[in-house]
Amino acid sequence: TGGTLPAVATAGVAVALYNLLFVEPRLTLAVSRVEDLVTLALLLFVGVVISRLAGLQRARERDATRREQEARALFGISREIVKAEHLADALDAVALRLVAEGGLDRIWIGLGPTPPSERVVAVAGAGDGNREERPDPSSTHHVLHRDTAEGAARWVRIHAPTARPRSPAATRGALFRVEISTGARAVGSLWGSRVSGSPSLEETRLLAAAADQIGAAIGRERLAAEAADAEVARRGDELKSALLDSASHDLRTPLATIRAAAGTIADPAVALADDERRAIARDIDAEAERLSRLVGDLLDMSRIQGGVLVPDIEIIPLESIVRPAVERLGHAAGQVSIELPEDLSEVRVDAALLDRIVANLLDNAVKFAGPAGAIRVRAAPALDGRIDLVVEDAGPGVPERDLARIFDRFARLGPGTASGRRGVGLGLSVVRGLTLAMGGEVTATASTLGGLAVTVRLNAHQGGGAEE
C-alpha cells in the first residue's frame, strides 16, 4: 500500500524478526549456523524482489488510475463540446470539469487574438457567481510551454513588466495560462488559479488537451461559418443568374410583344379592321397579365423570404376560390374539369393567398398540358381531418428524382412546356411559401392523367363556433 521503499523496508524488518525469534541463539540478531545465514539471505532476497514487484505494480496501478481519470475527464470535455449545438453552450460545462479534474481552484475561458483583448465567456470555481471578475494578463503568471515530446510541457513563469496592484484573480494564488489556438493562430486562453504549487503532469496534460479541444471546435465553427457563407454566396449567384436568364426571356418576350402590338396600332400606315384591332388588344392584355403574374411572383417570394407575410385567416368555401380562378383562364378554362364534393368542409385560409396559389397551379398546368391537354381540379378530405386540393395535368410530367426539388426557387425541371418555354421557376416556389404561411402543406406526385399532380393540404373548418 505504501509503494516500493516501504515494501522493501517491511521485508528487511520481517527477516530481522525471523532471526530474532526463530534462529539460534534466539532473541538476538546473531547467527550461529551457516544454513541459517543462507536462509535469512534467501528470505531477504525473495522479500526484496517481491516487495519491488509489488511496489512497481502498485505504482502502475496508480498511474493507470490517474490516466483513466484523465481519459474520463477528457472524454467528458470532448462530449460536452461535440453534443453542444454551439461551442459557447458547452464552455461553462467544460470549465466546471476542469475545476473538478484539473487541480485548479478557478477557471476562466477567454476568447480573443491577444490576452489583453480576450473576452471571458466561461467561469467556474470558487466564487463563480461573479462573472465580471477576470484574470489580469499583465500580472505575473505561468504560461504552459509545450515541447514536441509527449509529456514534455512545462510551466514558464512570466513576470509583470512593472509593479502594479495584483488582480482579483491573482489574490487567490498563482495564475496559470494555456493558449488556445487553431493552427498557428491564437484565438484565446484557458486561465486558472490555485493556492499552492503547479498542476501535476496529468493535470497539465488535461489542461493542454482541453485547450486543444476548444481550439479545434473554434476552428470547426469558423470553417462551418465560412462554408455557409460560401454556400449563401453560391446560391445567390445561382439566383442572380436564374433571374437574369428569366429577365432575358420571360420579361423581354412579353415586352417585345406589347411594343410590337402597340406599334402596329399606332402606325397610321397600317389599316386595321376592328376585329384585328381587338385581337391585338387582347394580345397586349394577355402579355401584360403574364408580366403582372411574374412581377407578383417575385414580390411574393420577396415577402416570403423576408418573413413579412402575415396571412389574414378566414373561413370560406373552397369553391368560391377555385371556380373564379378557372374562369379567369379564358379559352383554356374549357379543358379544366372541377370535382368538388357538395359536402366538402369549408377551409380556414387567407382568401387572397389561396387565390394566388390556385392561379399559379392552374397557370403551371396550362403551360405544361398544352392547348389540348386535360387538367383536373379536385378536392377531398384528408386522413388527418384537413382538406386536400389537387391540381393535375396531362402534360409530360417531372421525373421522380426531381420531384423533391420542384418547389425550389428558380427550379426549372422536366422537358419544358408545350410551347417550348421553360418559365422562370417561381410559380411552385411561391405556392409552397404561401401554403406554409397559412399552416398548410404541399407535395408533388405523378398524376393519373400522365403529368404532374400538386396537392395542397389546407386546414378545414370544423364548425361549432364563429370566427372572431
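A residue is called buried when its relative accessible area is under 20% and exposed when that value is over 50%, with partly exposed residues in between. In this predicted model, W155 has a relative accessible area of 17% and is therefore buried under that cut-off. F176 is buried as well, with a relative accessible area of 2%.

In one of them, the ring centres of W155 and F176 lie 5.1 Å apart and the planes meet at 70°, so the pair is edge-to-face. This pair links distant parts of the chain, as its members are 21 residues apart: W155 sits in strand β4 (residues 154-158), while F176 belongs to strand β5 (residues 174-182).

Y18 and F22 also form an aromatic pair, and this one is tilted, with 5.5 Å from centre to centre and 40° between the planes. Here both partners lie in helix α1 (residues 4-22), where a spacing of four residues is about one turn of the helix. Y18 is partly exposed, with a relative accessible area of 33%, whereas F22 reaches 54% and is exposed.

L43 has a relative accessibility of 37%, so it counts as partly exposed.

Methods: Residues numbered from 1 in each chain as written. Predicted model: local features only at pLDDT ≥ 70, side-chain atom pairs only at ≥ 80, totals over all residues. Heavy atoms only, no water. Phe/Tyr/Trp six-rings, centres within 6.5 Å; stacked < 30°, edge-to-face > 60°. Helix = DSSP H or I, 4+ residues; strand = E, 2+ residues; numbered from the N terminus. Buried < 20%, exposed > 50% of the residue type's maximum accessible area, 1.4 Å probe, protein only.
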